[in-house]
Amino acid sequence: MTGSATSQAALPTPRKSGRFLYMASVTLLCAWVIVPLYFLLINTVSSPDTVNNYPKPFLPPFDWSSLQFFASYQGMLSALKNSVIVALMTMVLSITIGAPAGYALSRFEFRGKELFRMLVLLTRAFPLPLLALPLAVMFIRTGLDDTAFGLALVHTTLALPFAVLITFSLFSGIPVELEEAAWTLGCTRFTAFTKVVLPLILPGIAASAIFAFVISWNEVFAAAVLTIENRTLTAFLLAKLGEAPLHLKFAGGFILVVPALIFIFAVRKYLFAMWGIANR
Amino acid sequence: MSLAKKLSMAASGLVLIACATAAEAKDLLFWSTQARPVQEAQAMREGVLSGFDTPVDYQPNEDGPWLTRLKAELQAGKGTIDVLGALHGNFAAMSADDLMDLDDLGVSAQSTTFNTLAKLGTDKMQYLPWMQASYIMAASKQALPYLPEGADINALTYDQLIAWTANVEEATGEKKFGFPAGPKGLKHRFFQGYLYPSYTNGVVRTFASDAAVTAWEKFRELWSHTNPASTNFSFLQEQLLSGDAWIVFDHTSRLAQAFNDRPDDFVAFPAPAGPTGRGFMPVLAGLAIPKTAPDMEASKALVQYLMKPETQIATLKATNFFPVVDVALPDDLPPSVKAAGDAVAKMSGSADANPGLLPAGLGDMGGDFNRVYVDTFERIVLAGQDIRTVLDDQKKVLAGIMEKTGAPCWAPDAPSEGACPVE
Amino acid sequence: MNPRLLPYILILPVTLFLIVFFLYPFALVAQEAFTAGGGLSLQNFREVVGYWKFPISLRNTLLLAAAVVPVQLALALLMATMVNRMNRGRDLVLYVWTIPLGISDLAAGIIWLAIFEQSGFLNSMMGGLGLIDRPANFLSYQHPMIVFTAIALAEIWRATAIMLVILVAGIGLIPKEYYEAAEVFGASPWQRFVKITLPLLRPSLQTALILRVVLAFEIFAVVAALGGTIFPVLMGEIYAYQFDLLNGGAAAALALIVLAISIAFTLIILRVLRVPKGATI
């Protein structure tokens, strides 16, 4: 991608003070995000005594005892595996069934459109723990209970509003003329979609994927109720974290954060994948 | 298109993994609300359940998921849960039809009171008393020099406790009493089992009595020396260790970590006494088998195993909950168990002991019952409303609960014919 | 293929999915809200609305949303435009800013409690700088404003990234020619932002706002960690009804009230940020 060349055009001729202000704000905002995480790291690699004491250190003391406790905790690895499986399934499911609906919302006027949008949104506006009982009864009766796939179905319900609405807003941002131009050049609706629109929508797919993965990764309640042998890491750790001794709370929280960060890091570049395409 | 390709590859890979994991051997599922902290859960698995001949999958959960899963299995008429472990209150809220009668197991607790509670108002054991605990006081040794003159830490009164916390505040400039008023704190038990019995010799009948007004006035006084962040405290071991609180009240197992981490820095002692004695209250956890248990024989065997004296001692070490059967305690107990055991023994052995019972007969209104006391606390102490007005107000709610459930009085309230009256 | 049927075919999978996994359980739960004593009744609604904490938790929830969402919107817009005009390090900065996405609300609560508690990092820092003699008590019931600020800060930290990602993806779609043309006519950066970025970003803004507002009404874990029992919010009350009081009907009734509030706000946002069909640029 020719990122540097194209974005250069967007840059105003920077005045010195403006430039400084700009760099300072970027740095400040980065610090705003990182400093709390740095505190989490400090507490994770502190001995129980240090975690409980005042004042707190500002450099990590590198005491590994809390992390070692979890390393010896049985079932961590299989729970990690389950979490990844469920999160990836959720991602694939929510994108494959969500993106077409997002496209329909942005390109067509049809009866019941508003109703459909509301339905999609409502899933996020009603607390899952209340729905968990009827869902669990249904799952036990149908044999979906305690399977990664079953849990992924529930998590997909949570992730769908993101997938549908994000793809909708991005499709809306792509001029319909672009597609029409492709049709006049002999493309069918389908090939116009795959050749022209899909590449443009990649950042939206990436954004939805991030959301789907993270939502599934961090969901506790349904995971605690619907999985027994195939526990996810979150249900395994976080459900009990609220009552763990402080130092283990931090270490457990840290362990949960790391895989999610790795995932976001892997997907992040797709958010910019279309860079240069839209600039034509 | 590489993302799409990767996604589809990931998807096909997942199906393979999902199929591969489907055929694993099935362990016994022990579905519990107790021993939730990661270390305790680990100790239950390694120290207690590893001795049973079938592998046991010990899954502790908060009440929400615990109950939701259990209800779902009962509704679906098909289950995976083999054995339930929970507090008396959890079982009391269930229908007796959903639990197996456990009389034919031939095991029971030493205490007939516990065994009666476990019948949940029927004539059969619906759950088995499993382990017990209580609430006690603990203090950092730094606080001991400020004990009021002539006060015996093992026979404190509420007035002495207030004077003590006042002395500490005067000396350090900080409010150092810690009270579990956080979202998960067990504050309601303090009012039901400690404050009310000590001042009014009752819990329900005397809820809005003049003695109750005095009790709340005293508590307000104590609160004025209480760390104001107590509304965030749910496990006072944390504040003991951090030094944010020096004198605290909490559940024995929620203080354990302080004693185990730094046994020489803290002391445990009985709860204080009021005009009508030294009120205190037990915590009772039980074992039950749901109607939907897939392997009834194995479930029963596990319950029997957990009631064995050796297992009960192992459970004590793992969870800081004491045995309910007759056992001789060994010497090699963790510091937390020794400290808590001594304090509870002094509390129940004291001349002015006024033991209360767990609420019984409230069924699924147990939560509403607790809320009456918590609301009263929040209105009187946090919102600063007039004590008499609040008590008269909350009294109606309490009376409504008692009438609806028809629950008779329990100690220290005098027995009643029919529903316990709020006087 | 019949073009009039096409949109319905495209939304069919989502619709079926949501009917089975959302509408069906939702209908069962909602039915419970309207049932009391074996018959149809509004008793559950009267009960939850009549409880003395209801007005407090409703006010807290709305205040928090009103304080947090506008800040997040402004911050996310600022960050998105900054990322957009960045030359070097764009990937890295964007990554750092999206990190909080991966952090669950429970974990965020733990992190911010470690900062604000009495023996926490903020006190350690102020003590180290000699600003205070002894650790201050930030999260006490005597200082509701500090508690409110702490919760709001934690929420802003945790959930701004949700909006940021949506806006970054949207801003990338705005053709650069518009900016170039505007520059030729001598438009200032602020004019370009107001006249080009904001109008063209409307679909993404709408989505980001709706999702964020709906989620703001569901706030719970961060509040419980920092506010303890002194800052009741609606979602906490719902859980209390469901799991402490075992009163599913009342929990469902309260959840329906929250749902109604969410719908009302969604409709307002939809009206204000109307998106033209097919984006006629």
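Where is the place of B:Pro412? I found B:Pro412 in the segment after α15 (387-405) of chain B. Helices here are DSSP runs of H or I with at least four residues, strands are runs of E with at least two, and both are numbered from the N terminus.

**Entry 1: ground rules.** I am working on a predicted model, in which local features need pLDDT of at least 70, side-chain atom pairs count only at pLDDT 80 or more, and totals for chains, interfaces and linings use all residues. Residues are numbered from 1 along each chain as its sequence is written, while chains are lettered from A and ligands numbered from 1 in the order in which they are written.

Entry 2: I looked up the peptide bond from B:Ala411 to B:Pro412 and noted it as cis, with omega near 5°. The bond from A:Tyr54 to A:Pro55 is cis, with omega near -5°. A:Pro55 sits in the loop between α3 and α4 of chain A. For B:Asn201 I wrote down a phi near 55°, which is a positive value in a residue other than glycine.

**Entry 3: the helices around B:Asn201.** B:Asn201 belongs to the loop between α7 (187-200) and α8 (210-223) of chain B. The axes of α7(B) and α8(B) come within 9 Å and cross at roughly 130°. Axes are lines fitted to C-alpha atoms, for helices over the stretch in contact, and angles run from 0 to 180 degrees between N-to-C directions. That angle makes α7(B) oblique to α8(B). The classes are roughly parallel under 35 degrees, roughly antiparallel over 145, roughly perpendicular from 65 to 115, and oblique for the rest. From α7(B) the contact uses B:Leu195, B:Tyr196, B:Tyr199 and B:Thr200, and from α8(B) it uses residues including B:Ala215 and B:Phe219. Contact requires C-beta atoms, placed from the backbone, within 7 Å. Ala, Val, Leu, Ile, Met, Phe, Trp, Tyr, Cys and Pro count as nonpolar, Asp, Glu, Lys and Arg as charged, and the others, Gly among them, as polar.

**Entry 4: chain A against chain C.** I noted 93 residues from chain A and 87 residues from chain C in this contact. On the side of chain A, helix α8 (residues 148-173) gives the most, with 14 residues. That side divides into 68 nonpolar, 18 polar and seven charged residues.

I then followed α8(A) to helix α7 (residues 144-171) of chain C; their axes come within 9 Å and cross at roughly 20°. The two helices are therefore roughly parallel to each other. The crossing of α8(A) and α7(C) is right-handed. A:Ile166, A:Ser169, A:Leu170 and A:Gly173 meet C:Ile166, C:Ala169 and C:Gly170. This contact of α8(A) with α7(C) has four nonpolar, three polar and no charged residues.

**Entry 5: domains of chain A.** The domain assignment, automatic or from a database, gives domain 1 (11-68) and domain 2 (75-272) for chain A. Their centres, taken over C-alpha atoms, are 30 Å apart. Domain 1 of chain A puts ten residues into the contact and domain 2 of chain A puts in eight.

Note on methods
Contact = placed C-beta atoms within 7 Å. Left-handed = near helix turned anticlockwise from the far one by under 90°.
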